[in-house]
Amino acid sequence: MSEYSSMIIGHETMDSNTDHLGNTVKIVGGAVVYSSASAHALGHKVAAVTKLAEKDRDRLANFTLPKEDIFCLPSEKSTDMVNIYHTADKERRTCACLSKGDPFNAAELPALDVGIYHLAGLVYGDFDSEMIKTLAKKAPVALDVQAMLRHVAPDGSMYFEDWAAKKECLPFITYLKTDAAEAEIMTGCADRREAAKHLYSWGAGEILITHNTEVLVYDGKSFFTCPIRSRNLSGRTGRGDTTFAAYINERLTHSIPEALLTAAATVSLKMETPGPFKGTRADVEKYIADFYSDFA
């Protein structure tokens, strides 16, 4: 076993979130925060690597990890985001990037023994193709494809476009995470299963696609699904990050159906409370007993 189950790499952000009723909340977020929180809550030892401007290092207090497992690299700027949600289910949103942190590269990462390199970026440019290829020589790579599709325009507005290097890089990705919309951008398929088949055919190992109703996994042979059963959506932000980190860290020692059930239950419970998941494995197991008795 590696010293760390995974190294989660990405920018912390200051998020300004406005709901469909016009209520605004500022919260420190970023995929690296939500991802590391869910993996840590389930009992996995994970390392978080982020970048911040010196003036923003107080944001590190928002990680749920032990301090010795948080590695902060210098950056000229930190990443700041604005999210405006247009619907109650928070499925439609407009995002803007007010400030963008420096890119990551493989050479600057701490020399740790890790089971998975988890690339939890936010926008295009956080990671390049060479970083993916370099890390894949050392350990399996997990990629949230958002960081390859979401671009920042000069005015700070954000837009999605297909990943030009997808067919070059996907063979180096062991675990690929998209949501339904991102899968359609990459493949042209609105059907999630057809999209997953395309992504697998281009070289990705296991494809995980999140949707507001369920989480789907495809390994090239079989499809696996598990429903989302949150009782409310007050903690919708961080849904995909929470799911993916829970899944890939569980996959180190569990089957696909077992890892998927744990991930779906973890994110369902997390979405009932704003912020990163701060429960325990026992809380998730109780949630499975209460709401997933047909799966467990």
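## Conventions

Contact means heavy atoms within 4.5 Å. The model is predicted, with pLDDT of at least 70 required for local features and 80 or more for side-chain atom pairs, whereas totals for chains, interfaces and linings use all residues. Residues are numbered from 1 along each chain as its sequence is written, and side-chain values use heavy atoms, leaving out hydrogens and water.

## Overall architecture

The chain contains nine helices and 15 strands; these are DSSP runs numbered from the N terminus, helices being H or I of at least four residues and strands E of at least two. Its radius of gyration is 17 Å, close to the 19 Å given by the globule rule for 296 residues, so the chain is as compact as a globular protein of that length. That radius is taken over C-alpha atoms, and the rule is 2.2 Å times the number of residues to the power 0.38. Along the principal axes, the C-alpha atoms fill a box of roughly 50 × 45 × 40 Å.

Of the 296 residues, 57% count as buried (under 20% relative accessible area with a 1.4 Å probe and protein chains only; exposed is over 50%, partly exposed in between). Among contacts with a separation of 6 or more, 64% join residues 24 or more positions apart.

## Largest pocket

The largest pocket holds about 700 Å³ of space. Arg93, Gln146, Arg150, Asp179 and Arg236 are the closest to its centre among the 33 residues that line this pocket. A pocket is an open set of points on a 1 Å grid over the protein atoms alone, where a 1.4 Å probe fits, with protein on both sides within 12 Å along at least five of seven lines; lining residues have an atom within 4 Å of a point. Grid points are joined across faces, edges and corners, and the volume is the space filled by probe spheres set on the points.

Helix α5 gives the largest share of this lining, four residues. Elements that each supply at least two residues include α1 (31-41), β12 (175-179) and α7 (239-251). The lining of the largest pocket divides into 11 nonpolar, 10 polar and 12 charged residues; Ala, Val, Leu, Ile, Met, Phe, Trp, Tyr, Cys and Pro count as nonpolar, Asp, Glu, Lys and Arg as charged, and the others, Gly among them, as polar.

## Second largest pocket

About 240 Å³ of space lies in the second largest pocket. Its lining has 16 residues, of which Asn17, Val25, Lys90, Ser234 and Pro274 are the closest to the centre. Strands β2 (13-18) and β3 (24-29) each contribute at least two residues to this lining, whose composition is five nonpolar, seven polar and four charged.

## Asn249 in helix α7

Asn249 lies in helix α7 and counts as buried because its relative accessibility is 1%. Its side chain makes a polar contact with the side chain of Ser6 at 3.0 Å (a pair of N or O atoms within 3.5 Å; within protein, one must be able to donate a hydrogen and the other to accept it, and residues adjacent in sequence count only if both atoms are side-chain atoms). A polar side-chain atom of Asn249 also lies 2.8 Å from the backbone oxygen of Ala245. Beyond neighbours within four places in sequence, Asn249 is in contact with Ser5, Ser6, Ala39, His44 and Val46.

## Helix α2

In helix α2 (residues 129-136), the buried residues are Ser129, Met131, Ile132, Lys133 and Leu135. Their cover includes β1 (4-9), β8 (114-119) and β9 (141-144). At the helix start, a side-chain oxygen of Asp128 reaches to within 3.3 Å of the backbone nitrogen of Glu130.
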